[in-house]
Amino acid sequence: MNIPFLDNWRKRHDSARSQPLASTVGGDPEGVAELLSECELLRARVGQQGLDLDDTPASLEALDQLPPRWRDDPEELPWLGNDAGLYLGTVIVRTVRGAAWHVWPGGHPVVRLASGREVNVVEAGLDWAVHGSPELSQVYAEAAEA
């Protein structure tokens, strides 16, 4: 099927797809950090419950206290968990000295601490969304200590 507008869109975005996110981080770490900090689904859902995420450790504690209503929607659960992990990473990168985003060659984002330790924030966010533990504030506290 020939869809002209889709063909034009693909032509414009093919060059962007040829560069994996991992190689882009070194060239524009601020842009990647901005992209990873969006967490639109998480911000929308917690906003409906009256919580404004301000990228601070206190907001992680507030997230930990919310009733886990997202578990009622199995289709949305992994997306929300992914966003929770990216939000956790955003808070760590913005508040822990020496922390920065690092993207593995496969495109998986982690936070690399000044010590060299990597925190798999997406995995932590998914565990938090599905099981309630570890708490996001606990993962943050461990990262801040390192």
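Good morning. First, the ground rules. The model is predicted, so local features need pLDDT of at least 70, side-chain atom pairs count only at pLDDT 80 or more, and totals for chains, interfaces and linings use all residues. Residues are numbered from 1 along each chain as its sequence is written, and side-chain values use heavy atoms, with hydrogens and water left out.

Now the overall picture. The protein chain has eight helices and three strands. Here, helices (H or I, at least four residues) and strands (E, at least two) are DSSP runs, numbered from the N terminus. Read from the N terminus, the order is α-α-α-α-α-α-β-β-β-α-α.

What share of the 146 residues counts as buried? The share is 35%. Buried means under 20% relative accessible area, exposed means over 50%, and partly exposed lies in between (1.4 Å probe, protein chains only).

Next, the surface. The protein chain exposes about 8,600 Å², and carbon and sulfur atoms supply 52% of that. These areas come from the Shrake-Rupley method with a 1.4 Å probe; for residues, only the protein chains shown count as cover.

Then contacts, meaning heavy atoms within 4.5 Å. Take the contacts with a separation of 6 or more: residues 24 or more positions apart account for 56% of them.

On to salt bridges. Side chains of opposite charge can pair when their charged atoms come close. The rule used here asks for a side-chain nitrogen of Lys or Arg within 4 Å of a carboxyl oxygen of Asp or Glu. How many salt bridges does that rule give? Four.

Start with glutamate 76 and arginine 45. Their closest N and O atoms are 2.8 Å apart. This pair links distant parts of the chain: glutamate 76 is in the loop between α5 and α6, arginine 45 is in helix α4, and they are 31 residues apart. Glutamate 76 counts as buried because its relative accessible area is 15%. Arginine 45, at 27%, is partly exposed. Leaving out residues up to four places away in sequence, glutamate 76 touches Leu41 and Arg45.

Now look at arginine 94 and aspartate 55. Their side chains meet in a salt bridge, 2.2 Å from N to O. Arginine 94 lies in helix α6 and aspartate 55 in the loop between α4 and α5, so the pair ties together parts 39 residues apart in sequence. Arginine 94 is partly exposed, with a relative accessible area of 48%. Aspartate 55 is buried, at 14%.

Another pair is glutamate 118 with arginine 112. The closest N and O atoms are 2.5 Å apart. Glutamate 118 is partly exposed at 30%. Arginine 112 is partly exposed too, at 33%. And there is a network: salt bridges that share partners join Arg43, Asp55 and Arg94.

Aspartate 28 is partly exposed, at 40% relative accessibility.

Now the backbone. Most residues other than glycine have a negative phi, and most peptide bonds are trans. Cysteine 39 has a positive phi of about 45°. This cysteine 39 is in the loop between α3 and α4 (40-48), and at 4% relative accessibility it is buried. Aspartate 55, from the salt bridge with arginine 94, also has a positive phi, near 65°.

Which form does the peptide bond from serine 133 to proline 134 take, cis or trans? It is cis, with omega near 0°. Proline 134 lies in the loop between α7 (121-131) and α8.

Last stop: alanine 143, in helix α8 (residues 136-145). Alanine 143 is buried, because its relative accessibility is 0%. Apart from residues up to four places away in sequence, alanine 143 touches Ile92, Val96, Leu113, Arg117 and Val119.

Thank you.
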